[in-house]
Amino acid sequence: QVQLVESGGGLVQAGGSLTLSCAASGSAFSLNTMGWYRQAPGKQRDLVATITRAGSTNYSASVKGRFTISRDNAKNSVYLQMSSLKSEDSAVYYCKAYAVADGRAYELWGQGTQVTVSS
């Protein structure tokens with residue numbers, strides 16, 4: 001069974017930076033597109049950024065130019081570098097990955113990590 005575990009959330013002042021990490025664990029799997037989503041209280045879960053296995057990236061308009069997504073395929077990990085943080089970036093951030101294991105495809109979610117930006 002493949003699992004995603006996020007880390008790196010916390011409290012940061014507006015204008016500051018924070019880096020989130022997400023690592024996949026399990027046996028005999030491969031990861032395709034990975035991404036980050038976020039959900040603020042009372043709102044739907046929204047796309048933040050995605051990255052393909054080859055490294056092609058996609059960002060939501062609200063974070064483009066401030067956030068950078070990257071991955072390390074050897075470590076089965078994806079990262080989100082966040083800078084120039086704003087109060088509206090406060091949310092629970094979730095890692096998502098498409099994985100293939102035992103010939104089956106899976107859509108995986110992490111447990112979420114809280115990011116709070118104080119103004």
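## Basis of the model

The model is predicted: local features need pLDDT of at least 70, side-chain atom pairs count only at pLDDT 80 or more, and totals for chains, interfaces and linings use all residues. Residues are numbered from 1 along each chain as its sequence is written, and side-chain values use heavy atoms, with hydrogens and water left out.

## Overall form

The chain contains zero helices and eleven strands. Here helices (H or I, at least four residues) and strands (E, at least two) are DSSP runs, numbered from the N terminus. Read from the N terminus, the elements follow the order β-β-β-β-β-β-β-β-β-β-β.

The C-alpha trace spans about 45 × 25 × 20 Å along its principal axes. The radius of gyration of the chain is 14 Å, which agrees with the value near 14 Å for a compact globule of 119 residues. This radius is taken over C-alpha atoms, and the globule rule is 2.2 Å times the number of residues to the power 0.38. Of the 119 residues, 40% count as buried; buried means under 20% relative accessible area, exposed over 50%, and partly exposed in between, with a 1.4 Å probe and protein chains only.

## The four-stranded sheet

An open sheet is built from four strands in the order β1-β3-β8-β7, with antiparallel pairing. Two strands pair if DSSP finds at least two bridges between them. At the edges stand β1 (3-7) and β7 (67-72), each of which pairs on one side only. From one strand to the next, the twist averages 15 degrees, where axes are lines fitted to C-alpha atoms, for helices over the stretch in contact, and angles run from 0 to 180 degrees between N-to-C directions.

Strand β1 is joined to β3 (residues 18-25) by five bridges, and the two run antiparallel. Within this pair, Glu6 has Cys22 as its bridge partner, while Ser7 stands opposite Ser21. Leu4 and Glu6 lie on the covered face of β1, whereas Gln3, Val5 and Ser7 lie on the uncovered one.

## Two hairpins

Strands β4 (residues 29-39) and β5 (residues 46-51) pair in the antiparallel sense over five bridges. They form a hairpin with six residues between them, and Gly42 in the turn has a positive phi of about 75 degrees.

Strand β5 is also joined to β6 (residues 57-59), by three bridges in an antiparallel arrangement. This hairpin has five residues between its strands, and Gly55 in the turn has a positive phi of about 105 degrees. Ile51 in β5 stands opposite Met34 and also opposite Thr57 in β6.

## Loop residues with positive phi

Most residues other than glycine have a negative phi. Asn76, in the loop between β7 and β8 (77-82), has a positive phi near 50 degrees.

Ser84 is not a glycine either, yet has a positive phi of about 50 degrees. Ser84 lies in the loop between β8 and β9 (91-101), and counts as partly exposed because its relative accessibility is 41%.

## The largest pocket

The largest pocket has a volume of about 180 Å³. A pocket is an open set of points on a 1 Å grid over the protein atoms alone, where a 1.4 Å probe fits, with protein on both sides within 12 Å along at least five of seven lines; lining residues have an atom within 4 Å of a point.

The lining holds 13 residues, of which Arg38, Ala40, Lys43, Asp46 and Glu88 lie nearest the centre. By class, the lining divides into two nonpolar, four polar and seven charged residues; Asp, Glu, Lys and Arg count as charged, Ala, Val, Leu, Ile, Met, Phe, Trp, Tyr, Cys and Pro as nonpolar, and the others, Gly among them, as polar.

Notes
Points joined across faces, edges and corners; volume = space filled by probe spheres on them.
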